[in-house]
Structure formats: structure tokens, C-alpha cells
Amino acid sequence: MNDVGQSVEITVDGRTVLANPGELLIDACERTGTYIPRFCHHPRMRPVGMCRSCLVEVDTGRGPALQASCMLECSPGMQVDTESERTRKAQAGVLEFLLVNHPLDCPVCDKGGECPLQDQTMAFGPGESRFVEEKRHFEKPIPVNDNVFLDRERCILCDRCTRFADEVAGDALIHFQGRGSDTEVNTFPDEPFSSYFSGNTVQVCPVGALTAAPYRFKARPWDLEEVESTSVVDSVGSRIAVQSSRDCVLRFQGVDADAVNWGWLCDKERFIFEAYDHEDRLGTPLLRGDDGDLAPTGWGEALAAAAAALTDVDPDRIAVLGGARLTNESQYAWTKFAKGVLGTDHVDAQLGDGLPADFVLGLPRATIDEACTPGGIIVLLGPDPKEELGSLYLRLRHAVVHDGATLIELTPRATGLTPFADHSLRVRPGEAVDVVRAMFGEGGTAPIGGVTVEEAQAVGAIVSGAAVGQNRPVTVLLGRQSLAEAPGTVVDAALVLHDWIADVRFLSMLRRGNVHGALDLGLAPGLLPGRVGLDEGRPRFAAAWPTTPATKGRDALESLRAAADGEVDVLVLLGADVLTDVPDHDLARRGLEGAGTVIALDLFATPTVAAADVVLPATAPTETDGTVTNLEGRVSIVARKVTPPGTARPDWMIAVELARRLGADLGISSPDDVWAELSVVSPIHAHIDPEALAVQAREGILVSGGPALVRPAPLEVPSHDKNSYRLVVTRSMYDCGVLTAHSRSLAGLAPVTRLAFEPTDFAALGVAEGGRIEVRGPRGNIDVVVGPDSRVTKGTAHLLFNQRGVSAGDLIEATAAVIDLTVVPV
Amino acid sequence: MGYFRGFAVTFRKLWEKRVTIPYPEQKRDKPERLHGRHVLNRYEDGMEKCIGCELCAGVCPANCIYVRGADNPPDDPVSPGERFGFVYEINYLRCIHCDLCVEACPTEAITESKLFEFSFTNRSDAVYTKDELMVDGETGRPQQLPWEDWRDGEDTHTSGWMRATSPSGSAAYVGKVSWSGELGYGIRAPEQGRSGGEANGDDEEEGS
Amino acid sequence: MPEPTIVHPDGMGYIPHAAGFVANEGPKLVSGRFPYEDSYTLECALATGAYTGLRAALGRTPADVHTEVRDATLLGRGGAGFPAGVKWGFCPEDVWPRYLVVNGDESEPGTYKDRLLMERDPHQLIEGCLIACYALGLSQCFLYVRGEMALAQERLAVALNDAYEAGYVGRNICDTDFSVDITLHWGAGAYIVGEETALIESLEGNRGMPRLKPPYFPAAIGLYGRPTIVNNVETLANLPWILEHGAIAYRGYGSEASPGTRLFAVSGHVVRPGVYEVEQGVTTYRDLIYGPNFCRGIREGNELKAFIPGGASAPWFFEEQLDLSLEARDIGAAGSMLGSGAIVVMDHTTDVVKACLRIVRFFARESCGKCSPCREGTSWEEKILERILDGHGRPSDLDLLLDIGDNISPGPYPVAAHGAAGLDAVPFPPLQTTICPLGPSSVAPITSALRRFRSEFEARITRHEGIPVRSAPVVDGDPA
């Protein structure tokens with residue numbers, strides 16, 4: 001793929017063709033316009049030479065011979081004949097073989113119409129089969145997991161799904177069984193194909209053997225209209241193809257963006273569209289009437305009520321929370337409305353579960369490609385990418401497993417990458433900075449939790465040695481390791497890494513869809529669009545904006561605290577379900593109760609929305625035109641494919657309408673207008689405009705540059721009491737979040753959480769697995785179900801956030817640096 | 001005298017048999033291959049033949065067919081196999097009765113009757129739903145809708161002609177239900193296969 | 001040790017405790033210990049000179065031992081017949097560790113020589129492994145034994161334990177610096193694992209499927225991605241003799257191109273089927289099948305119809321190929337292969353359609369399922385042959401069979417000459433559209449039989465009649 005070394009000259013059907021060094025013949029031919037049929041070959045997986053349909057006659061000096069072009073690297077002087085009689089006969093012969101046991105139930109099969117087996121049989125196969133015997137039979141589709149069905153009769157055993165599961169996802173839970181023509185793909189007995197990435201096997205299947213439940217029999221390929229877009233499920237920004245029929249989104253497919261997701265999606269990204277199309281979507285504005293109930297109303301009344309609430313309010317008594325799932329354009333419109341019209345800086349897109357915005361923007365940034373450089377070093381100082389950023393996990397796993405990158409983990413709990421890590425240091429909450437200091441010889445000689453100083457120094461030698469002499473780039477994946485730990489811990493640790501490792505780069509792991517767009521566009525306290533602070537950026541906005549805030553405002557937790565104290569008259573929630581998403585549930589509850597008028601823009605009637613006074617229905621990503629910014633700072637297009645339910649409106653339009661009612665003109669009448677204004681006020685966005693984005697739609701355009709690094713005050717962490725367990729709260733791929741809960745395919749996959757202990761710690765508790773104990777935390781005593789988990793570190797207790805079972809949000813106290821739990825004796 | 005010669009024709013014709021008939025009280029026999037309105041057929045056991053594959057909709061030049069498939073409930077299947085036609089609609093304001101849908105159908109689920117005389121008083125009547133198109137579950141007879149004018153024999157299916165005269169068909173099978181077997185109405189002997197020569201002939205070329 | 005008494009219960013030369021082995025006249029380089037009833041014990045082995053070859057080797061430098069083996073021109077006995085000494089030289093320099101893997105997954109129909117070697121003389125094999133490891137500087141050897149060979153597994157395990165205890169395996173062998181560990185591994189019963197890359201996959205714990213080639217030899221990248229030498233059981237069993245008596249003595253047997261002796265397993269319609277140790281090159285098929293010292297002709301004086309010269313995957317030979325000597329090169333030129341040394345003889349009562357089906361069915365069952373032509377082609381061939389035998393054949397089926405064969409193995413398939421019909425031989429090996437030769441092997445019986453006996457196939461198809469098969473019991477190796 002990279003052009004190092006000399007090109008290789010080969011001859012294909014009499015034409016001279018330049019192949020890249022090491023390029024496979026089938027790829028070189030395809031790149032230069034000669035298509036060779038294939039089933040098992042996949043550009044993102046290793047050649048396996050299984051189907052044999054890419055046989056071509058190749059002469060490497062020893063006379064022409066049939067060779068599988070998917071296994072053959074181009075060598076100088078190679079003579080290839082893809083149209084010779086022998087080639088044609090061999091290809092037709094293989095296709096006839098593949099059809100021997102392939103049922104011709106194309107009219108029933110979902111793949112019919114977009115089926116490589118159909119297409120290639122038309123182009124390269126024999127006109128008819130000479131097979132007159134009975135085909136093999138298997139039970140028709142069997143579920144291999146909750147969402148994927150396997151029809152073994154249709155399977156042509158190309159090894160794509162099994163290779164994906166093994167090589168790419170690392171969940172080798174499906175494999176071949178049996179021999180000869182009775183070979184089948186199947187799961188192991190009683191062990192479903194429970195992989196976060198199972199949907200990819202459906203997409204790579206060259207026949208209809210694997211089908212996904214959400215699309216099964218919904219439409220035929222010729223019904224589908226398609227538009228390329230970007231996933232906003234998480235901040236990786238995977239490129240997707242949104243396919244719809246009759247104004248209804250039916251399928252997301254991964255698109256191979258070389259810089260981002262390589263065509264893979266996690267199942268959450270793939271199946272989330274079901275939520276967008278859910279019947280519970282808000283389609284009309286709601287207004288709290290005199291009777292105290294929310295009732296449907298028109299946009300005019302709702303906007304008037306919202307505008308009335310915002311008129312003549314002290315800007316200091318207005319707070320705007322959320323907006324991390326909006327498009328860049330909507331985020332800009334809302335920043336302009338909040339900071340430029342209302343004049344408040346109490347704006348925060350993160351809900352107390354992220355990192356300080358100015359700190360993230362000030363770090364030297366890495367792209368995914370830079371982090372995954374072959375032979376590079378990756379330091380994970382953040383959450384489990386497998387649970388939170390599925391597509392990024394696949395890229396990281398590839399870098400570590402296949403490209404020789406070295407992975408070093410500093411995490412409180414084993415992650416999905418732990419099996420491939422070179423060093424995996426189990427860091428208890430609050431101790432990350434101590435471990436990082438120990439890596440570079442600072443601090444004492446006593447072990448920090450379970451990490452010995454020798455081990456830490458061995459890791460330090462790898463990262464600093466690499467940075468000095470070996471030209472191996474070091475990338476730190478930075479994010480919140482635990483929601484029960486103040487962000488200061490990883491911030492301090494990151495600063496130590498930044499100071500000790502020359503040329504270290506950071507890849508932010510903030511997870512919400514467009515949270516990086518929100519930071520770039522000023523939906524954070526103390527920031528203005530274009531990654532600038534208030535004071536620095538004020539002159540730029542003087543002409544374009546009516547006003548700018550004078551001083552840095554409160555972040556989300558501070559705003560909620562102020563609201564709880566009755567200091568917030570108007571609370572605007574931009575798709576923010578504070579009752580669920582703010583780690584400290586008690587604070588969220590009190591904040592929402594204490595706020596004056598609550599204006600909520602949302603897709604669903606979440607518990608938070610139920611407590612709002614004005615509810616404005618917003619559009620989902622498949623119904624909105626715009627752009628998003630991923631964790632690298634890559635701006636790519638989100639495209640509208642279907643019409644929104646009812647009268648739901650894009651968020652930017654709501655900001656514009658509200659501003660108009662307050663007598664201000666935001667100057668935005670379409671998403672494109674935002675870019676005209678941004679190119680003036682934000683130098684880092686100056687090279688982006690809608691035309692440029694359309695040209696580079698697949699890979700997007702990278703935004704770089706930022707403010708100087710800020711150094712927040714170090715966090716004071718209380719020392720660990722031997723008799724307590726430090727709480728670790730992480731997220732899992734599927735939770736009870738509003739979108740997952742409204743996706744039919746995903747809702748059932750959310751696990752039930754329980755307080756998990758390291759097995760020896762658990763044994764010491766003297767409780768049976770699944771039993772209950774009472775623990776005391778900063779929020780008082782709570783009765784919890786407990787169990788052992790070998791991934792948990794000794795001395796810690798683990799919970800999943802926002803799941804059924806034990807509610808982590810009820811244990812978390814937002815002001816605490818760490819949460820220590822003690823077991824209340826019976 | 002000239003006009004008497006003109007009347008000669010009139011008087012001569014006055015006593016001849018009339019060529020017109022009092023339509024609609026009286027109707028002529030329709031040609032064997034007339035393309036009328038469609039019916040959806042059932043197998044002998046009452047299962048629906050339609051599998052919701054949408055090939056008819058795909059081939060329709062007038063874009064008048066709307067089909068959606070769905071997963072067959074395993075405990076109470078609508079059609080054999082995994083998939084059945086969940087929605088089936090034909091808009092007769094658009095249909096040009098070209099019969100391409102019949103040729104495209106892989107299960108012989110859709111065929112055409114000889115009936116073409118129907119008129120509507122509103123547009124929604126013109127969109128025939130699956131319930132209206134489906135033959136009766138007991139007898140296999142097409143359903144007569146209130147606005148349709150039927151005569152004896154007009155409900156027999158003409159699709160045998162269409163299959164026989166399609167590019168791969170053989171005229172030897174005119175008027176015969178082919179391999180699939182069909183519920184009830186006017187059942188005809190099943191044919192043996194397309195290229196096997198005589199019906200009930202040798203079974204040398206089974207399958208194709 | 002007293003000379004063993006060879007029991008001849010029926011005057012045939014069979015040894016009751018070594019079922020199938022015929023103790024005939026001739027040099028016994030690898031089967032010398034077979035006649036002893038307790039030959040598999042360490043006690044008997046030591047009394048009859050076991051581990052003297054190892055001691056001889058340990059007294060010389062590894063390079064010297066390697067040279068000795070190369071000079072002996074010890075050809076691989078697994079089927080391909082590649083010189084072991086040359087194969088040993090393929091390992092890339094300076095890549096360590098590397099491994100020796102012993103291919104004891106003998107499953108070619110008609111072949112049971114390795115089983116005898118493992119059952120009757122496990123110490124000879126262990127000694128051979130040690131000599132190979134010494135010559136190559138290896139310290140780890142894997143002994144892969146076919147899953148179904150329960151007795152061989154048991155005896156090898158006991159022998160290995162005894163050898164460990166006696167200090168022949170393990171640390172500081174025979175009080176030298178040389179240390180080797182031998183690990184036994186039982187297969188799960190798959191023919192394809194006899195293919196060396198599939199064997200390596202199986203040994204790694206994966207499904208036994210052949211790996212892509214290149215690399216053509218696992219010597220470069222083999223077990224666990226390390227350089228690996230894969231040798232057949234019989235190949236290694238020759239090493240003790242070579243090291244004890246020297247390459248020159250070894251080359252005194254057999255022909256220039258194929259020195260030494262070789263075990264041949266003859267089965268089918270001969271008077272005395274069994275395993276024979278035969279001098280390579282100088283013996284012909286006629287000697288072997290008709291010779292009084294060997295099989296003593298066709299049973300009941302019947303006529304020879306065809307014979308398979310090298311295991312089920314070899315194209316068939318006929319009367320006119322009888323005078324070929326047992327020399328890999330000559331046999332290859334004549335259109336078949338010496339293969340694993342299994343000779344299956346069919347007399348004139350054989351129904352070739354059934355014989356074809358029997359062999360094709362084996363390959364269809366044993367195809368690993370990786371390459372489509374083999375996976376689908378072999379079972380399709382099986383179904384067509386079944387159909388013909390069931391009386392539902394069509395005249396076009398015969399050309400269809402040949403064309404399926406052509407799609408598995410493109411171009412003219414190796415086949416013996418047919419003098420009477422003026423047809424020349426097509427030399428070995430066949431071309432293949434598959435990764436390994438299993439698929440093309442299934443074509444061998446079809447092309448061979450159809451060239452000679454097309455009329456028998458046609459008779460099946462048109463008149464539904466076949467050769468009346470007599471129910472005479474086939475004498476197999478075991479007189480009991």
C-alpha cells in the first residue's frame with residue numbers, strides 16, 4: 001500500500017503495468033483496470049487462497065501456469081493472461097464448483113441483486129451447471145448471535161467471516177467444522193458469536209449466507225438509495241453508507257476510509273439507525289402547560305415560550321449543557337447563540353464525564369494513522385477502546401498484532417487490548433500519575449498498588465528509549481479511565497508523559513459522537529470557535545458576533561451545582577440526558593430540580609426531557625446535512641438521507657429561530673453559511689469549505705493547530721486505605737443510553753452490572769457469587785449485588801456505568817478525587 | 001335515383017347478421033392470451049406462492065407494483081421457505097398489463113386472469129392490495145371485487161401462454177400449470193419440465 | 001540376544017506379532033528388529049544394537065553427520081521422495097529456535113509401513129530423531145502420530161519414557177552436551193494432515209488445512225513461524241543404520257539414484273500381500289508382484305487387471321508397466337508415482353467403476369474443505385460415480401467426469417501409456433488449481449480407469465451391467 005521501493009513492471013494481457021512492490025497480482029490488476037473474479041480475497045485481510053476463483057495464467061519465466069492471483073506478489077517481468085482459454089476455463093470451472101452446493105434461492109436471498117456470486121457467475125461463470133444431483137442440506141438460517149443469521153447452505157466457505165473474526169476482531173468464535181463438501185461455518189456448541197463486530201461478517205460475506213436481523217427481507221438492493229455519511233455513534237467518525245428505501249433508513253454499511261475505519265464498523269455503529277427510525281422519536285414540540293403536564297404544541301408557541309424565558313435574563317444565570325452529538329454547523333450556531341447573543345459562557349458539551357476542554361486542545365495531537373504507525377509505541381491512558389471506540393479498537397489491534405506496534409497499558413482494569421499488550425500496568429484510581437512518575441525514576445521505591453517500580457521503569461525505558469533513538473513514534477491514547485475518578489488524575493499523568501517523552505503525541509479518547517467538534521467550535525467554557533480562549537479570540541469575533549463572554553464560565557458539573565443552588569434561571573439542554581449521563585446522579589437530579597426554565601432539544605422523551613419545560617424535537621444524523629469532527633480533528637460530511645419525523649428541525653435552525661425572536665440575526669440560513677463565517681473567524685478552519693469537503697468526502701479534512709498547553713493545578717488524591725476498595729466505573733459497548741435502548745437489535749445486549757472484585761478480594765468478602773453486601777461510599781450506604789471478575793485489579797471494585805443492576809451513578813460523588821468503598825459488616 | 005343506390009347498401013345490411021353486440025349485457029369470448037388483472041396464487045396446501053422477492057416490482061416498466069417481504073413466522077408460515085410477501089400492491093391506474101411480472105416471478109405466484117373490465121370511483125380502489133389479489137384460500141378462485149364485471153371463464157389464468165411464449169418456454173406447455181402445483185381452481189395437469197418434450201415423457205432431463 | 005524364531009503358520013512368512021510384515025529373504029535395514037517378539041522394548045532394542053548409531057553420531061561433529069546423510073542420498077519416504085540431507089540444508093541461517101517434526105500421520109490407503117515401524121521398533125525411530133536433531137543442532141522434536149494408531153501411540157509413549165529414563169532423550173544425552181526433548185502429539189484423524197503444512201497447522205492447535213505456498217518448504221517458515229524440518233517416519237528410521245554402517249555401505253543397496261531399501265506395502269489380489277523391505281531401483285514391479293520371494297503372483301491364478309503403484313493417489317499401472325523398476329524417476333516418467341510405497345493390485349474380477357468410487361469417495365471424505373475445486377469437485381465426482389453404479393448414469397457423465405478432473409487438475413493428467421491403443425504416457429506430476437495435491441489425487445483413478453476401461457463404464461451406463469464380482473475372501477495381511 002505504501003510506495004516504498006521500486007515499482008515492478010509486469011505485463012497484463014499484453015499491456016505493461018506498473019505494480020507497487022509487494023503488491024498482490026489481483027490488486028495490481030484491479031488498480032489498472034483488469035478485474036479478476038474473487039471471493040475469499042479481501043483487501044483488508046490476509047490472503048488465504050481458498051476459493052481459487054482468481055486463477056490466472058501467469059508466466060514467470062518457466063512457462064505459463066495457472067496461479068491464484070490473490071496469493072501471488074508481482075515480480076518483475078511477470079506475464080499475465082487473464083483472458084486466455086485456460087484462464088477462462090479454470091475460472092468458469094471454479095464458479096461451477098462453487099455453485100454445485102449453492103442453493104439457487106436467489107429470489108428469497110437478501111443478497112440477490114448485490115451478490116458477488118451472481119455477478120461473477122454472470123461475468124465469468126459457465127452458462128449453466130452440469131450438476132444434477134441433490135445439493136447438500138443444512139437447517140436454514142441459524143442464529144449465530146442475537147443479530148446475525150447463518151444459512152450454511154448458501155455458504156461458499158470463502159473464509160472471510162471466519163478470518164475477520166479471528167484476524168481483525170480477535171473474536172475467533174466462528175470456525176469451519178466438518179470436512180469435504182460437508183464443511184460448514186458454525187459457532188462452537190453453546191457459545192454464540194458474541195462479538196461487538198459481528199455485523200462486519202455480514203458485510204464481507206460474498207453470498208447471502210450471513211444476514212443481519214435488522215435488514216433481513218426489508219428490501220431488495222435495487223430499492224435502496226445510498227448516500228455516504230459519517231457515523232456519530234462515537235468519536236471515531238467511521239465512514240458509513242446510509243441506505244434507505246421509501247424514506248426509511250434500512251441499513252448502514254461500512255465504507256473503507258483508509259485513514260479511519262478501513263470499512264469496518266462496530267455493531268453499535270451499524271445497527272444504531274433503528275433508534276433514529278423509532279416510533280418514540282419526538283416529532284412535535286412540547287410545552288409544559290398550566291396543569292404542569294407536557295403537551296404537544298406548535299413551533300411558534302414553543303419557540304415563543306423559550307424566547308420569553310431567555311429574554312432579559314442575566315447571562316450569568318443561563319447555562320447550556322450538551323451538544324456533543326450535534327453537527328459542527330449546529331454547534332457553531334449554538335455557540336454563537338449562547339456566547340454571542342445570550343452572552344453566557346456557562347456552556348459545556350461534556351457532561352462531567354470528559355476531560356478539561358482547554359487541556360485536550362492544548363496537547364500535541366496524533367491521527368489514528370500516526371498512532372497506528374507500524375513499529376510505533378502506543379500508551380493507553382484511558383478507557384477500554386473495545387468498549388467505547390469500537391472501530392478504533394480494530395485499528396489499534398491491527399497495529400499491535402500485525403504491524404509490530406508496541407502497546408503499553410496503564411489502566412485500572414484489563415481491557416480488550418490487554419492480551420496484546422507488551423506491558424499492562426494495573427493502575428488503581430488516583431495513582432496513574434505516581435505510576436507514570438515511577439516510569440521515569442521519580443518518586444520512591446515502594447510499589448504503587450500492584451505495580452512495582454522495576455516494572456514501571458521497564459516501561460519507562462521502552463517509551464523514552466524509543467523516543468530518543470529509535471525513531472518509533474509514541475502516541476498516548478488519552479481519556480477518562482474511570483468515571484468514579486476526577487479527570488485530574490489522567491491529566492496529571494498525561495502532563496508527566498508530555499514532559500518526559502520527546503515528540504509524544506496524544507490521541508483523545510473522548511467518546512461522544514461529535515465532542516471534538518464541540519470543543520473546536522467553542523461549546524466549552526472559556527473557549528471560542530477555532531480552538532481559542534476567550535481573551536485571545538475576542539478580537540476575531542468582535543465584528544461577526546454581537547457580544548462575547550467576559551470571563552470563563554462554569555463547566556457542566558459547576559453549572560449543575562449552581563442550578564441546584566438556585567443560581568440558574570434557564571437551563572438549555574442540547575440533547576443532554578443529564579439524569580443518565582452525568583456520572584453523579586444525585587447532582588444531576590438536584591441541578592435539574594433547582595434550575596428555572598429547562599429548554600431541551602432532543603430526539604426522545606428521556607427522563608431529563610420529561611422534566612423540561614419546553615421540549616423542541618431535533619433531527620437525527622440521518623436527517624441532517626452537515627459535518628462532524630472526529631477524535632483526530634478530521635472534519636467529514638454527515639448527509640441527510642430521510643425526512644425527520646413530524647416537524648423535527650435541525651438544531652442550528654432552532655438556534656437561528658430563537659436568536660431571531662431575541663432580536664438577533666445569526667446570519668445562518670443553511671449549514672453551508674457556517675463555513676463562510678468560520679473561514680473568517682477561525683483560522684484553523686480556513687482551509688475547509690463545502691466544495692473542498694465534497695471533493696475529499698471519503699477521507700475528510702484534518703483540522704490542526706490549537707492553543708498553548710494549559711497545566712491545570714495538580715489533583716490531590718487521598719491515600720488508599722487498605723480496608724477499602726477504590727471504585728472503578730467504566731462503560732461497556734451497550735448500555736441503557738437512549739439510543740442503544742431504542743435500537744431493537746442492541747437493546748437486549750446491555751449487560752446487567754454488579755459490583756465486581758478481583759477474585760481473591762472477592763473470596764475474602766465471604767459472599768457467594770451473586771450475593772448482596774452493603775457498601776459505604778461518599779453517598780452513604782448502598783446494598784449491591786457482587787461477583788468476582790479476573791479483569792479487576794486488586795484493591796478496586798468495578799461497576800459498569802448506566803446499566804441495569806447496580807446504579808453506578810448513585811455511588812459517584814462528583815467532587816471527590818476518587819471514591820473509596822468500604823464493606824459494611826453484617 | 002342516385003340515393004337509392006346509396007340505400008342499397010343499407011337495406012342489404014339490414015337483413016344481415018349484426019357484427020356489434022350489446023355490450024356490456026353481452027360479451028364476446030376473449031382471446032386466449034388476453035392480459036387482464038392479476039391474481040396471486042396459492043399452493044395446493046393453501047400456502048401463498050409469493051415469497052416477496054420483488055422481482056415483479058423490479059421488472060415492472062410502469063412501476064405499478066409495490067412489494068415488501070418479511071420473515072416467515074416459523075410456527076405459522078404464510079409461504080414455504082423463509083420469506084413471504086408481506087405487502088403486495090398493484091396500482092391499476094399505472095399497470096399496462098405487459099405481463100412481465102408474470103415472466104419474472106420465480107414461483108408462479110402472480111398470473112393474469114382475462115378480466116380487464118373494472119372501473120373505479122376513487123383512487124384507492126385502483127390500488128389492489130394483497131388481500132384483494134390473493135385467490136380464495138379454499139377454492140383457489142380469484143376474488144371478485146364489487147366494481148368488477150365478471151363472466152364465466154374470465155377468472156381462468158392465462159399465464160400458461162406467457163410462460164410458453166417466453167424466450168425459454170415451449171409451446172408444448174400452453175395452458176399447463178408448471179412444476180409448482182396450484183390450489184384448486186381449474187387445476188390442470190402439472191408439466192414435467194421445460195425441455196423434456198412430451199408431458200409425462202421420459203424423465204431423462206430432470207431439473208434444469 | 002537369540003535369533004528370533006520366525007513363525008510360519010501357513011508357510012507364508014508372516015510373523016504373528018508383526019501383522020502384515022513378511023519376513024522374506026533380503027537385506028533388512030529398517031525392519032531387522034521386527035521378528036523379535038518384544039522388539040519394541042528398550043531391553044530388546046539395546047540387545048540388538050539400538051542407539052549405537054546415535055553414539056556413532058555423537059562421536060562426530062553435527063556437520064559431519066549431516067554430510068554423511070547427504071552422501072547417503074537418503075530419499076524422503078513420505079511420497080515426494082526429496083533427499084533428506086538436501087532438505088535439511090534449507091533452514092535459513094541464524095534463525096533460532098527451529099524444530100524437527102516427524103510426520104507419523106500415515107493415512108494413504110494401502111500404506112501401513114510407518115505404523116509397523118512405530119509399533120515394532122519405536123526406539124529406532126527415536127534414535128533417528130535424535131540423530132537428525134544432532135545433525136541440525138535442534139533441541140526440540142515433535143512426533144506427530146496418526147490419531148487412529150492406538151498401538152503405535154502406546155508403544156511410542158512407553159518407549160519414549162524408557163528412553164528418557166535411560167538417558168537417551170532429554171538433558172545431556174549419553175553424557176554429552178547434546179539435549180533434546182521429544183514431544184508426542186496424537187492427531188485427530190485426518191488424511192490431509194499427512195501434508196506437511198497441514199500437519200504443522202494441526203500441531204499448532206489449528207484446523208488441519210494446508211498452508212499457502214510459497215514458502216514451498218516449512219524449512220523457512222514452519223511450526224510457530226520458525227524454521228521447521230518435517231521428515232517421514234521411515235526416513236528417520238534409516239538414520240541409525242546409516243550412521244552405524246556409513247553412507248557407502250548404504251549406497252551399496254539399491255540403485256545409484258535411489259539407494260538403500262524401502263518398505264513397500266502390497267495389498268489387494270496377490271497371493272501374499274504384506275509389507276516387504278525391498279531394495280530400491282533394482283527391483284521391478286514384476287519381481288514384487290510375481291516374485292517367489294515377494295507376493296507370489298495374483299490370487300487363484302487370475303489375470304492382473306491394474307495396480308496402483310504408489311498409494312491411492314497415484315495413477316494406475318497395468319500389465320505393460322510391470323517391468324518398471326522401483327525408481328521414482330522412471331515411474332514418474334511412466335505417468336505415476338512411487339509415492340508412499342503402497343501397491344494395490346487388482347485382478348480381472350475387479351469392477352473398476354466400484355474401485356474408482358471407492359478411491360474417489362475416500363478423497364471426497366478427506367478433503368479439508370479449503371480449496372473449492374477439491375471440496376466440491378471430489379464430492380461431485382463421487383456423486384456421479386454413485387449415480388452410474390445406481391443405474392442412473394448418462395452417456396455424457398464420462399466426459400463430465402474428465403472435465404471435472406480437468407478443472408481440478410488442468411491440462412493432461414498423468415496416466416500410464418496404453419500401447420494397444422497407441423496412447424503415450426503423460427508424465428507425473430499433475431498441475432493443480434488447488435493448494436495441495438489431495439484434489440488432483442482424486443482424478444487419478446478416473447483418468448486411469450477411463451483410459452483403459454471406458455467400455456466398462458459405458459456398460460454400466462447403457463446396459464446397467466458390471467463385472468460379476470466373486471465373493472472370494474481377500475487375503476489380507478493378518479493370517480488370524
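**Close-up views of a predicted three-chain complex**

For the complex the predictor reports an ipTM of 0.91 and a pTM of 0.91.

**View 1. The contact between chain C and chain A.** This view shows the meeting of 27 residues of chain C with 27 residues of chain A. On the side of chain C that touches chain A, three helices of chain C each supply at least two residues: α14 (352-366), α15 (372-389) and α16 (396-408). The most is given by α15(C), with 10 residues. Sorted by class, this side of chain C holds 10 nonpolar, nine polar and eight charged residues.

**View 2. The contact between chain B and chain A.** Here 14 residues of chain B and 10 residues of chain A take part. The side of chain B that touches chain A is made up of five nonpolar, five polar and four charged residues. Chain B and chain C, by contrast, do not touch, and their nearest C-alpha atoms are 9 Å apart.

**View 3. Chain A as a whole.** The secondary structure of chain A comprises 28 helices and 38 strands. Along its principal axes, the C-alpha trace of chain A spans about 85 × 65 × 50 Å. A compact globule of 826 residues would have a radius of gyration near 28 Å, and the 28 Å of chain A therefore agrees with that expectation. Buried residues account for 58% of the 826 residues of chain A. Of the contacts in chain A between residues at least 6 apart in sequence, 71% join residues at least 24 apart.

**View 4. Domains 2 and 3 of chain A.** Chain A is divided into domain 1 (8-100), domain 2 (286-354 + 514-702), domain 3 (359-508) and domain 4 (724-824). The C-alpha centres of domain 2 and domain 3 of chain A lie 33 Å apart. Their contact takes 10 residues from domain 2 of chain A and nine residues from domain 3 of chain A. On the side of domain 2 that touches domain 3, the residues divide into four nonpolar, three polar and three charged.

**View 5. An open sheet of chain A.** Seven strands of chain A form an open sheet with mixed pairing, in the order β15-β14-β27-β26-β25-β16-β17. At the edges stand β15 (294-296) and β17 (347-348) of chain A; each has a single partner strand, so one side of each is left without a neighbour in the sheet. Within the sheet, strand β16 (residues 318-322) and strand β25 (residues 570-574) of chain A pair in the parallel sense over five bridges. A:Ala319 stands opposite A:Leu571 in β25(A). Strands of a sheet pair through backbone hydrogen bonds, either parallel or antiparallel.

View 6. Strand β8 (residues 342-347) of chain C is mostly covered, with six of its six residues buried. In a regular strand, side chains alternate between the two faces of the sheet. Both faces of β8(C) are covered: C:Ala342, C:Val344 and C:Met346 are buried on one side, and C:Ile343, C:Val345 and C:Asp347 are buried on the other. Strand β5 (residues 261-268) of chain C runs parallel to β8(C), and four bridges join the two. In this pairing, C:Val266 stands opposite C:Ile343 in β8(C). Strand β7 (residues 304-308) of chain C is also joined to β8(C) by four bridges, but these two strands run antiparallel. The bridge partner of C:Phe307 in β8(C) is C:Val345.

**View 7. Prediction confidence along chain C.** The mean pLDDT of chain C is 89, and 95% of its residues reach 70 or more. Over residues 470-480 of chain C, however, pLDDT stays under 50, and the model has 16 contacts beyond four places in sequence for this segment. Where pLDDT is low, the predicted coordinates should not be read in detail.

Definitions and conventions:
Residues numbered from 1 in each chain as written. Chains lettered and ligands numbered in written order. Predicted model: local features only at pLDDT ≥ 70, side-chain atom pairs only at ≥ 80, totals over all residues. Pairing = 2+ DSSP bridges. Contact = placed C-beta atoms within 7 Å. Nonpolar A, V, L, I, M, F, W, Y, C, P; charged D, E, K, R; others polar. pLDDT = per-residue confidence, 0-100. Rg over C-alpha atoms; globule rule 2.2 N^0.38 Å. Buried ≥ 20, exposed ≤ 12 C-beta atoms within 10 Å, placed from the backbone. Domains from an automatic or database assignment.
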